[in-house]
Each structure stands twice: as C-alpha cells, then as structure tokens.
Amino acid sequence: MKQPIIFALDDDPQVLKALVRDVRQQFRKEYKVLSTSSALEALESLKTLKNQSETIALFICDQRMPEMPGVDFMEQAIKIFPDAKRVLLTAYSDTEAAIKAINAVGLHYYLLKPWDPPEERLYPVIQDLLDEWQATFIPEYTGLRVIGNQWSPKSHQLKDFLGANLFPFQWLNVDEPNQAMELLRLNNLNESQLPVVFFEDGSYLCQPEIPSIAQKLGLKSNATNSLYDVVLIGAGPAGLAGAVYGASEGLKTLLIDKKAPGGQAGTSSRIENYLGFPNGLSGSDLAHRAIVQATRLGTEFLSPQEVVEIRLQDQYKIVRLSNGNEISSRSIIITTGVDYRKLEAPGVEEFTGAGIYYGAAMSEAHAFKGKQVYIVGGGNSAGQAAMHLSKYAAQVIIIIRKPDLSSTMSQYLIDQIKGTANIQLLPFTEVAEARGDQRLTCLVLRNDQDNTTKTVPADALFIFIGSKPFTDWIKLDIIKNSKGCVETGRDLQKYPLFQKTWKLPRDPYLLETCVPGIFAAGDVRAGAMNRVASAVGEGAMAIKYVHEYLAET
C-alpha cells in the first residue's frame, strides 16, 4: 500500500524547509512528505497525485502567499482531496482570516508561526489530526483503472484484454456512483472520450487501441532476432507446452499470440479434470503459470501480435505479422486452436459487447450481480461459465437444443449444475432473436418441439456454441479437412494434392503438415481430442519432431 501524504505549502523557502524538516523527523515512517513553494504548482501536482491514486492525509499551508491566499488554495485543494485534514499557518495578524476559514473550507486547525518547540506546538496537533483521519481512511485502489460504459463494446474489449493478460484493474462504470466522474472532471474529460484507461504513473489514454495499451504495459510486440529455430503461432495450451519444451531443449524459440496466453482454454473459470490439480484451477491461472515457465526458460513471447501469412523462402519459413514485420524460422508449429462459432440470430451481432458476449464469463460476471443471465451451449466451457456466473447472477439459464447435457458435458459439471439452485436448464430451445435499445434487454426463444416462441427479459447472453478452427489466415497450400482443421501425418496420404507436392523420401512425421518443417498441434489439428491435456501433450510432442526435422536439414 502506498504511504499517505502530508502536503506542505509555503512561499518562504526558509519556513518551508523548517516545516518539512520537522514534519519528516516525526512522521516519515508512516507518511510521505511532499512540499512546494508555489500554490499554482501545488494544484497541478494534486491532479497528478489523484491520477496516480495517491492519498493526501493532511494539508499544511501558509495563509499569506503571493499567488493566492492559503484559504483559497485550500478551497480548491479539497475539491481534489476532500477527506484531507487542513492546517493553516498564520501570523498573529492573520488569526481573523483563519477563524473565518474554519467555516469557509472546514479548516481543522490554524497554527501560529513560529511553532517552536515542535514537540509541544506542532507534533501533538498533527498527530491528533492524523489519528482522526486514519480512523475513517479507506485506501484507494492503486493499479490500473478503466472508466467506461458497461454496455460499450469498446469497454468490453479493453476489460477482456486486460483480464486475459492477468493485469489487475479497477472497473469504474460511468453510470454508477463512484470516482469515475471525479476523475473525468479533474482531467477535463467527458463521456464522449470513453473508455479511458488511467495508469499507475498518472497518465491516461482515451479510447485506446489494444496495441497502445499493450505497449504502455510493457508487452512485447517486436521480435529480438531475425531467425529462430522454431516459431509457435498461438499461445493456447499446445503453444505454451511447445514453448516450454522448445526453450528447455535449447531451441531458439518464439511464441506469438494475437491476444493473450491461454487461448480459449484461458477463458475457463474452472478446469477440474486437469492432471495434478485436485481442486481445479482457472484457465487464466494455468496460462499464467505456463507463460512464466516458458519465458523463464528462454522463450521470447510476442503479444498482442497477429500472424497474417506464412511463406517459404529457400529452406526457411517466413512469418509476416500484422504490423508488416517479417520473421524467419527454420520450423513452425501452428497452434492457433479454435474460436467460438457465431450465433446466427437477428440482433446478436448488434448487441455483441453490449450484453451479449462470446466467452467472457470471467471478465463480465461481476457486472451481473443479482441479474438474470442466459448461456447458449452445452459443452464444458458453457458448464464452467454457468457455475462461475451462478456466484453472482440471481438466475442462470442454460439454453440447449438437445434434451439434456449428457452427450456434450463432463459428468462432474452436470452434477455440479444439478446441485446449484439458481441454474436452470432449458432443453429443446434456441435463441431466435435478441432485442434491446443500445443494449440487450430481452431474448426471443424458440421451442424446437412445438415451434412456439416466447419473449423473456435478459440482462446478458453468454455464447458457447462450439468452435471452429482458426485457420482462415493460412494462405499457404497447407491441406485442411472439410471443417478447416489442419491435416497432418498419415492422414495426408488420402489427399491428391499431397501426392503431387510431397517430394521427400520419408513420410510426414505424425504432427507434420504437407509442408516439411511446418507442424500443427492442439485443437487446430484434424483428429485432435479437444482437451487441455491432449493439447499440452501434442505441443510437447511437436518439439520432438522439430528436432528430427532440423537434424536432417
């Protein structure tokens, strides 16, 4: 926790020096002492301190100052730090002004100069005021703060990015009573400039793009080297495992992801069937542990950065990024995983980010405390989201087309859902339409058995309706199956294109694509098991084949 501040102001350098010396001598263990000789400079400093989430416990300022009287300074200062105690330094002739200030600015004490000896005339006064202040003091949040509108897609995008990258932040909804409007007023900002992100150093960005936020927070978007042994594209479980094993085995390893480590698995609120964690763990926790492990072993991680093309140049693979930069590698492992399928119903696209969310149960759950929310989907991700949301929402309704969850969800989740009073299952049902005004307010549900519809109030809709492989970006002639998954190993033999293009005397390795030296692992690969543990295994296995490929080139 940051130390509270005692702020001293006097235009006389000698008086200010003596005041700061005496105050520091007695209170520096618990309080930071700041000072200035200019009232105007002090007011600017207070704005910066407020942006930095600093706290002023006590103002001590002289009444007679050339830029403005001490009482006038206090009047402006308490607009920024209204809870600070206020002490006015006065000469005997200024006592009348000091007495008036008791009513004008709620002055707590006026102190006659000089205050020698401080043990009798200064310290007891300040100590009593600080004790009184401490009795009601609640520390401010000191990290990142995001001010926005709960129903703004841009605000949702920022929250989702920060949450996925495990940056702690305080969300301030501009429509709720909090310090949001105070910060906007203090910095001469208005609601048209939302969302605004305030950083710990006191700076802020209005309506920032994700790359700007990432750069400010120290994420890396440019590669250090021009040539790598292996580049992994996608930081889901497979990519993270490949990065750990690649770096630990001495390969110059680069991992790239367009958003955050963890992939779709990273959005899971609770994974309870992963080996070695009997109490379960969140997807974000698993991803954080893995990226720390990978980077500690030597993996270089670029995020947020998107790969838009792979091309071949002699024996090298060239990776082109969305910012135009190119990186050369001797091998590539595609681990881009899967993305949520879009729900094709009127109104869904319009309200995405404004009450309708793909995944995002972790980042948005707090906003729906006491509300009624719906989930579409019957897989494990939907079940995990339902359990997480049930801690906040008054009621969680799961919408599925099938009669029950038995064919799509793990039994442990089914049992948990049955035992949770505020979760309801709505079978044989689908979303026909989403309605609202600037935000979702209701859903039109269709019963597939009798083809009837009904309109229900809804505060939020979370969508988990299956996934599709994230491979549309691949322009290279890499063979995919009808679902868009990358084919590897022996399964390539059934494609005529493979017979024409594969010219090596050996068969492709188990996880190798139709292009020698380019591998695929995890959910993006045809035949994958769609489990976190299997993706981790494939990521590690791919590194074995990378070694074999590099040995022959």
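In which loop does Asn530 lie? Asn530 sits in the loop between strand E28 (518-520) and H16. Helices here (H or I, at least four residues) and strands (E, at least two) are DSSP runs, numbered from the N terminus.

Before going on, the ground rules. This is a predicted model, where local features need pLDDT of at least 70, side-chain atom pairs count only at pLDDT 80 or more, and totals for chains, interfaces and linings use all residues. Residues are numbered from 1 along each chain as its sequence is written, and side-chain values use heavy atoms, with hydrogens and water left out.

Back to Asn530. Its phi is near 55°, a positive value in a residue other than glycine. Most residues other than glycine have a negative phi, and most peptide bonds are trans. Asn530 is partly exposed, because its relative accessible area is 43%; buried means under 20%, exposed over 50%, and partly exposed in between, with a 1.4 Å probe and protein chains only. Asp314 also has a phi near 55°, and it lies in the loop between E14 and strand E15 (316-321). Asp314 has a relative accessible area of 72%, so it counts as exposed.

Next, the cis peptide bonds. One joins Ser303 and Pro304, with omega about -5°; Pro304 is in the loop between strand E13 (300-302) and strand E14 (307-313). Another joins Leu194 and Pro195, with omega about 0°. Pro195 lies in the loop between helix H8 (180-186) and strand E8 (196-198).

Leaving out residues up to four places away in sequence, Ser155 touches Gly148, Asn149, Trp171 and Pro195, where contact means heavy atoms within 4.5 Å. Ser155 belongs to helix H7 (residues 153-164), and it counts as buried because its relative accessibility is 1%.

Now a pair of helices. Two packed helices are described by the angle between their axes and the distance between the axes. Helix H10 (residues 237-248) and helix H16 (residues 532-552) pack at about 40°, with axes 7 Å apart. The axes are lines fitted to C-alpha atoms, for helices over the stretch in contact, and angles run from 0 to 180 degrees between N-to-C directions. From H10, the residues Pro237, Ala238, Ala241, Gly242, Tyr245 and Gly246 meet Val532, Ala535, Val536, Gly539, Ala540 and Ile543 of H16.

On to the cores. A nonpolar core is a set of buried Ala, Val, Leu, Ile, Met, Phe, Trp, Tyr and Cys residues joined through side-chain atoms within 4.5 Å. The largest has 45 residues, and Tyr374, Ile375, Leu443, Leu461 and Phe462 have the most contacts inside it. Helix H13 (residues 380-389) gives the most to this core, with five residues. Tyr374 touches, among others, Ile397, Ile399, Leu445 and Val456, not counting residues up to four places away in sequence. A second, separate core of 28 residues includes Ile478, Tyr495, Ile518 and Val524.

H13 itself is mostly covered, with nine of its 10 residues buried. Among them are Asn380, Gln384, Met387 and His388.

Last, the cysteines. How many disulfides are there? Taking a disulfide as a pair of cysteine sulfur atoms within 2.5 Å, the count is zero. Cys61 counts as buried because its relative accessibility is 0%. Cys442, at 16% relative accessibility, therefore counts as buried too.
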